[in-house]
Amino acid sequence: MGRNKHGHRWHPWRYLAHRHPHLRVTCEYVLPESRKGLATTEGIYLDRRLTQAGRRCTLTHEIIHLERGAPPDHPHFAAYEEHLVEVLAARRLIAIPQLIDAALWTQHPYELADELWVDIDTLTTRVQHLTREERATIIRELAERQPWNN
């Protein structure tokens with residue numbers, strides 16, 4: 001439930017319509033080689049087997065790829081770029097205040113991912129790449145907002 005400065009949830013389709021109105025998104029095809037998404041100059045293809053949360057996460061991922069440009073040719077740097085895009089997408093999709101709100105009622109990963117409207121891979125990436133300051137904020141907020149502290 002990542003929200004922008006105006007309190008609105010990150011909405012990749014709306015963002016795409018405003019920033020890249022010439023690009024079309026299609027969910028009509030099964031993509032090869034276990035690919036979830038594919039960005040081209042004409043549009044973005046999302047594997048039709050994805051869940052709603054999976055489509056949201058994959059579309060965000062592909063938007064970031066488009067905006068960052070072509071990945072490096074070298075396999076090491078291409079792998080690093082892919083990892084970086086995963087982290088950036090997870091950050092865009094899951095804001096810390098919403099992660100805290102969701103964690104107040106569940107710490108079960110699948111319930112947490114569902115509440116945040118993301119897939120489990122995106123939640124895992126976000127949690128694994130929390131900054132020291134984000135971790136401290138989460139720990140402090142969860143401790144202060146527990147029912148027994150009211």
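**Note on the salt bridges**

1. E28 is partly exposed, with a relative accessible area of 46%. Here buried means under 20% relative accessible area, exposed over 50%, and partly exposed in between (1.4 Å probe, protein chains only). R24 counts as exposed, at 52% relative accessibility.

2. Next, the basis. This is a predicted model: local features need pLDDT of at least 70, side-chain atom pairs count only at pLDDT 80 or more, and totals for chains, interfaces and linings use all residues. Residues are numbered from 1 along each chain as its sequence is written, and side-chain values use heavy atoms, with hydrogens and water left out.

3. R24 and E28 join through their side chains in a salt bridge, at 3.5 Å from N to O. A salt bridge is a side-chain nitrogen of Lys or Arg within 4 Å of a carboxyl oxygen of Asp or Glu. The structure holds eight salt bridges.

4. D101 and R145 form another salt bridge, at 2.5 Å from N to O. This pair links distant parts of the chain, 44 residues apart: D101 sits in helix 4 (residues 96-103), and R145 in the segment after helix 7 (132-144). Helices are DSSP runs (H or I, at least four residues), numbered from the N terminus. D101 is partly exposed, at 36% relative accessible area. R145 is partly exposed too, at 35%.

5. Are R126 and E134 buried or exposed? Both are buried. Their side chains meet in a salt bridge, at 3.0 Å from N to O. R126 and E134 also belong to a network of salt bridges with R91.

Note on methods: Helices (H or I, at least four residues) and strands (E, at least two) are DSSP runs, numbered from the N terminus.
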